[in-house]
Amino acid sequence: MTEGEIMKKIYFTVGPSQVYPTLHKHMGKAIKEEICSLNHRSQQFKNLYKETADGLKKLLNVPENFQIFFVSSATESMERVIQSCCQDTSFHIVAGAFGKAWSNYASQVGKNAVTHIFENTPDVNLDNLTVPKAAEIICITQNETSTGCSIPIEEIINLKKKNPEKLVAIDIVSSAPYIDINFKYIDIAFFSVQKGFGLPAGLAVIIAGPKALEKTEKMIKKGIKVGSYHSFRSLSEKAKDYQTPLTPNVLNIYLLNSVVKDMLKLSANKIRKDTEKKAQMIYGYFKTSTRYFPFIKNPLFCSPTTPVLDVLGDSEQIRKKLSKKGFIIGAGYGTNRENHIRIANFPAHTIKNVSTLLKHIRYII
Ligand SMILES: *Cc1c(COP(=O)(O)O)cnc(C)c1O
């Protein structure tokens, strides 16, 4: 490498993460097609919205009667879901920082946010969980990026079957597009694009089902506020005409459309199979390590997409050594910064990338 040349890095960070391999090509095309000047009230934008929504529905198996909304972040999505779908009481299953944040936002917008916290061992078993009667919506961080705890979709479906009259909203920020959802049992799902889709930050997608939109309308009829510039009402009304209430991140929607098409060409099935293979490689390695181990003990709850490993205070040292080789991995979240490492396993990470990363880790340890 000559002086001034930048070493090519591979980002195994959990978000923002490694960009999708075709991103550069699509960005070049976007500039050529003058997408950054595209009027968001134009027919061309409407076509782009429709194509992106249709592609996402195909990739994620979303039923026809669900709507796709574009907002600015997953954090915004958390607040909008609460404002538009909860009159008084929300219920939050918390297995880490993102679940906790969601319940905090619910409190901050004046709701009675009841939480069930799985504190030290966030291996979540929903079997014996009692959902408060008053709760209108159950909020679940399906893949908790801070702890690497992933709740199997079957567990969530069982919970919905036991509470059919309550809405179920899931945060799939760090599990999409891997996570295979049966939307018969899910009313709302959302994600931002800088994780599993390998895109720049600043765009999020809310997938909203008919029951969620009915709830918004019921609240409006009662005179309850459901949000301001972005509410499920305003987003839904505009989405019917492939429009948005405000000037959206058109460039990122264009890039998402392009990457979704690439992913459809690969097929969701192939993405899932590869993700599982890479997850087995990562967990397989740390299972044989005598020093370090997965933070989540129960393999059923070990996230395939964001494995979190307990490295007993060696996090910084490992991260520094890997960084010298061009491999950037995540520190632990919050107070676990030095105890954990986090390794993203997204579609942008190839099997070869993971194999080389593990080789370096083996050498370091
Ligand atoms: C990253 C992340 C978020 C926040 O996403 P933003 O786009 O930064 O708002 C929310 N939930 C989970 C599970 C995440 O991993």
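**Aromatic pairs, a histidine and the ligand shell**

Let me start with Phe-183, which counts as buried because its relative accessibility is 4%; buried means under 20% relative accessible area, exposed over 50%, and partly exposed in between, with a 1.4 Å probe and protein chains only. Before going on, the basis: this is a predicted model, where local features need pLDDT of at least 70 and side-chain atom pairs count only at pLDDT 80 or more, while totals for chains, interfaces and linings use all residues. Residues are numbered from 1 along each chain as its sequence is written, and side-chain values use heavy atoms, with hydrogens and water left out.

Back to the rings. A search of the whole structure gives ten aromatic pairs. Rings of Phe, Tyr and Trp (its six-membered ring) pair if their centres lie within 6.5 Å; planes under 30 degrees apart are stacked, over 60 edge-to-face, and the rest tilted. Phe-183 pairs edge-to-face with Phe-66, at 5.4 Å centre to centre and 70° between the planes. The two sit 117 residues apart, Phe-66 in the loop between α2 (43–60) and β2 (67–71), Phe-183 in the loop between β8 (167–171) and β9 (188–192). Helices (H or I, at least four residues) and strands (E, at least two) are DSSP runs, numbered from the N terminus. Phe-66 is also buried, at 7%.

Another edge-to-face pair is Tyr-285 with Phe-286, 4.9 Å between centres and 85° between planes. Tyr-285 is buried at 11%, and Phe-286 at 1%. Separately, Phe-45, Tyr-49, Phe-70 and Tyr-242 make up one aromatic cluster.

Next, His-26, in helix α1 (residues 23–32). Its relative accessibility is 8%, so His-26 counts as buried. Its side chain makes a polar contact of 2.7 Å with that of Asp-262. A polar contact is a pair of N or O atoms within 3.5 Å; within protein, one must be able to donate a hydrogen and the other to accept it, and residues adjacent in sequence count only if both atoms are side-chain atoms.

Finally, the ligand. For Ser-192, a side-chain N or O atom lies 2.8 Å from an oxygen atom of the ligand, and for Gln-194 the distance from a polar side-chain atom to a ligand oxygen is 3.1 Å.
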